[in-house]
Amino acid sequence: MLIKKVHIFKRARYIGLVILIVSLLIVSSARADDNSIKATSVVKFAGGIVSAYFIHEAAHALVAGATGTSMNWKGGDITQPIQFTEHTSNHTKGFAINSAGLLAQMATSEFILLNDKIDKNDSYVRGIMLINILNPLVYAADYWLIKKTNRSDGNSYTGDLKGIEFHSNKTTADIFTGTMVALVTFEAYRFVKTQSWAPKWLRNDGEPEHFNLVPLSSGGAFLTYTMTF
């Protein structure tokens, strides 16, 4: 079947960049006055969810624009609301485009977690982090087990992780997916620790965690992790 190529308009990369910057600025200024459930909290939470999806898709468009790759967009289904088709025979560019969305989400999570000025209990931030945590995990589950969104059909594919496999190989895609799951799981743990509803032993207030590297007589080393309950 012939696929009509639609070139990304020249300003796509700038629009994607603006979305990323605006989203991060909103996160930086977002502060929660109270923890009660109210209309503004719901709106901010929904806004965070939408922003997380925008960050994901904008990253695809930004990298495609930066590499001069044409692509077109269409509506998808509940498992993948927005779908794109990239038109490149260059596997390096294809890999970069397909990995950009998930990498952008993980990078955004790290930005939030490492910035002490960001209120981690703000509804907007919680919305972003919810999608930044769930979306990569759902992608991984689909790629490895469900295979509804991530699948191949001859010389075409759907799904970011299947696109990574298409432009590299199965081993590379598995390593990318496994690393992503490990990082996102760690990010989820660190984020939950910041939440006001988290139990005190998990928040570990006033009792920092400790990582220690203990040398062994055999010449190796043993890594220990201590958390006070």
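Trainee: How many of the 229 residues of the protein chain count as buried, as a percentage?

Mentor: Buried means under 20% relative accessible area, exposed means over 50%, and partly exposed lies in between, with a 1.4 Å probe and protein chains only. Here 39% of the 229 residues of the protein chain count as buried. This is a predicted model, where local features need pLDDT of at least 70 and side-chain atom pairs count only at pLDDT 80 or more, while totals for chains, interfaces and linings use all residues. Residues are numbered from 1 along each chain as its sequence is written, and side-chain values use heavy atoms, with hydrogens and water left out.

Trainee: Which helices and strands does the protein chain have, and in what order do they run?

Mentor: Helices (H or I, at least four residues) and strands (E, at least two) are DSSP runs, numbered from the N terminus. The protein chain has 7 helices and 6 strands, and from the N terminus on they run α-α-β-β-α-α-β-β-α-α-α-β-β.

Trainee: Which residues have the most contacts inside the largest nonpolar core?

Mentor: In soluble globular proteins, nonpolar side chains tend to be buried together. A nonpolar core is a set of buried Ala, Val, Leu, Ile, Met, Phe, Trp, Tyr and Cys residues joined through side-chain atoms within 4.5 Å. The largest one has 23 residues, and those with the most contacts inside it are Leu102, Ile112, Val125, Met129, Leu161, Phe176 and Met180. Two or more residues each come from α3, α4, α5 (160-166) and α6 (170-193); α4 gives the most, with 9 residues.

Trainee: What does Leu102 touch, leaving out residues up to four places away in sequence?

Mentor: Contact means heavy atoms within 4.5 Å. On that count Leu102 touches His56, Asn135, Pro136, Tyr139, Asp160, Leu161, Phe176 and Met180.

Trainee: Is Gln105 buried or exposed?

Mentor: Gln105 counts as buried because its relative accessibility is 0%. Gln105 sits in helix α3 (residues 91-114). Leaving out residues up to four places away in sequence, Gln105 touches Ala52, His56, Ile131, Asn132 and Asn135. The Gln105 side chain also reaches the backbone oxygen of Ile131 at 3.4 Å.

Trainee: Why does Leu134 count as partly exposed?

Mentor: Leu134 counts as partly exposed because its relative accessibility is 42%. Leu134 lies in helix α4.

Terms used
Polar contact = N/O pair within 3.5 Å; in protein donor to acceptor, adjacent residues only side chain to side chain.
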